[in-house]
Amino acid sequence: MSNWKLVNRTYIYDGTFDGLLTIVFNCYIAKTLPQKIVNSNNYVENFLDNTVLIQTDYEKSKRIFDGIVNNICKEALYNSYYAFLSNDKEKEINILKYILNGFDIGPEINNKITISYVFKVMNLRKKALAECHKLKGLLRFREVSDNLCYASIHPDNNILEPLGKHFISRLPSMQFIIHDKNKDLCFVYNGKEYRIINSKNMTIPSFSEDEIKYQELWKLFFNTIAIRERSNPRCQMQFMPKKYWKDLIEEP
Amino acid sequence: MSINIELPSNDSLKLLAPQKEKAGILKPMTYVSNSIKINKLDKNRFKEKFVPAGQTTQLIIGATPESDLKILKLSESLYNKLNLKRVYYSAYISINNDKNLPTLESPPLLRENRLYQADWLLRFYGFKVDELLDENHPNFNTILDPKCDWALRHLDKFPVEINKADYFTLLKIPGIGVISAKKIIRARRNCSLDFEALKKLGITLKRAKYFITCKGKYFEKVYKFNENFIETNLVYQERNSMPNPEFHQLSLFDKLQPTKEDELKCLTGNL
């Protein structure tokens, strides 16, 4: 990969993982590396950029997807997927270089942490997974009707899918909506299958009557089990950062 | 399963929990640990696991006069002989007034923290209690953590060369833990590491920089390898990171009110 030609182009893709894998396929065939890769949703026109719009091709992305599993390793796929979910401006180009170099040297790529893009991909994955893990504990469902729950979150990274899947395996018979208010996306699960939909004009449902009572009970429980002598706000904030507090029911 | 010992010696048990007895606690614990072992060995006979989450216990810190050395000795033997998953330490909070109970203003949280740090050193870092504490130092240092304290008393084992040391030697460097040590071992298979590379790996050098060399070189800004120098620097760092309400930034204006003397000086004109 080191002697591949660097072309002065900016690739624009649709912001999906399949779109990014299509770019990887095109680069691998043409043996070129683009200057930048940007998401079409937040691209601002710039007359110095030599832009190329990349159409997502599921056949190409499938081949790269299988290629990563067979020729590099499963861990590389996880690394690139979770890095892709993170909120970083240059994630795409780093993931591209990581996968392409991975095709050259195989599973050994994950040990080369001193290469800057490998390190960045690893770090982005860590950030996304860490946030996902925190929200698994800090997400608060509110009851809307008998079997439907609603939860709002404000995450930095786009972790709706892994988070939602976690709750599907925990509460398989429940129907729920997880609302990512920062990105205006909703994870909707109806008890059988899930879908991620845009929620720009969604009205937040009103909660059931019991909900308020249970919220009061939860607050009471939270205050009762607290040991005042052992309060340690600094430690508490490491585990539940203040930016997530607005979606909590209790007030720490 | 948790069978709580609560107090770390027989005398203390007699004093504060006369219904408990050392033998009466250790007997069921031994039974549980033996049953777990038998269950693991004979998987064909026992389809279901016995106590799958393992066995734990709890000790109360600060209610009785035991030293850290005695408490840790007990937990070490519990880990070695009874294969406990964990020993929990909880700082004593005074609720009742009894002549046998001490009156503490606040629970000894720092001591609890030090014990947990040492507990981790026992379980994951290959330390032994005799290395950390002895009869002359039965309690932990309040300013430095147990590993730093140990390293300062064993400076002959340092500095450690990052590119050559094995896993357990890396683990003994203050500021380098299990994750960092594994990262270093993983990364140095490909190229030898220098301080820049360590920073890139996300390894904090705050404490480690005094105890390591990379490719034979000492950290640039640390120019001396001697006990006094390292200790003062470490203590200084720790003091800075500790919240200390007694000290605050002085301002030239808000606190300095003119005294009577100042007024007199102004009047007489010899300020």
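These legends go with a set of close-up views of a predicted model. Local features are kept only at pLDDT of at least 70 and side-chain atom pairs count only at pLDDT 80 or more, while totals for chains, interfaces and linings use all residues. Residues are numbered from 1 along each chain as its sequence is written, and chains are lettered from A and ligands numbered from 1 in the order in which they are written.

**View 1. Helices α3 and α4 of chain A pack against each other.** Here α3(A) covers residues 74-85 and α4(A) covers residues 91-105 (helices are DSSP runs of H or I with at least four residues, strands are E runs of at least two, both numbered from the N terminus). The packing angle is about 170 degrees and the axes are 10 Å apart; axes are lines fitted to C-alpha atoms, for helices over the stretch in contact, and angles run from 0 to 180 degrees between N-to-C directions. That makes α3(A) roughly antiparallel to α4(A) (under 35 degrees counts as roughly parallel, over 145 as roughly antiparallel, 65 to 115 as roughly perpendicular and the rest as oblique). From α3(A), look for A76(A), S80(A), A83(A) and F84(A); from α4(A), K91(A), I95(A), Y98(A), I99(A) and G102(A). Contact means C-beta atoms, placed from the backbone, within 7 Å. By class, this contact has six nonpolar, two polar and one charged residues (Ala, Val, Leu, Ile, Met, Phe, Trp, Tyr, Cys and Pro count as nonpolar, Asp, Glu, Lys and Arg as charged, and the others, Gly among them, as polar).

**View 2. Helix α4 of chain A also packs on α5 of chain A.** The partner α5(A) spans residues 116-138, and the two helices pack at about 120 degrees with axes 9 Å apart. The pair is therefore oblique. K91(A), N94(A), I95(A), K97(A) and Y98(A) of α4(A) meet Y117(A), V118(A), K120(A), V121(A) and L124(A) of α5(A). Sorted by class, that is six nonpolar, one polar and three charged.

**View 3. Strand β9 of chain A has a hairpin with β8(A) and another with β10(A).** β8(A) (residues 175-180) and β9(A) (residues 185-189) pair in the antiparallel sense over five bridges; strands pair if DSSP finds at least two bridges between them. I178(A) has F187(A) as its bridge partner. There are four residues between these strands, and D184(A) takes a positive phi near 55 degrees. Moving on, five bridges join β9(A) to β10(A) (residues 194-198), again antiparallel, with V188(A) opposite R195(A). This hairpin also has four residues between the strands, and G191(A) takes a positive phi near 100 degrees.

**View 4. Chain A is assigned two domains, with a contact between them.** Domain 1 is 5-130 and domain 2 is 139-247, with bounds from an automatic or database domain assignment. Their C-alpha centres lie 31 Å apart. Five residues of domain 1 are in contact with four of domain 2.

**View 5. Chain B touches chain A.** On the chain B side 13 residues take part, against seven from chain A. α8 (178-187) and α9 (195-200) of chain B each supply at least two residues of the chain B side, and α8(B) gives the most, with three. The chain B side divides into seven nonpolar, two polar and four charged residues.
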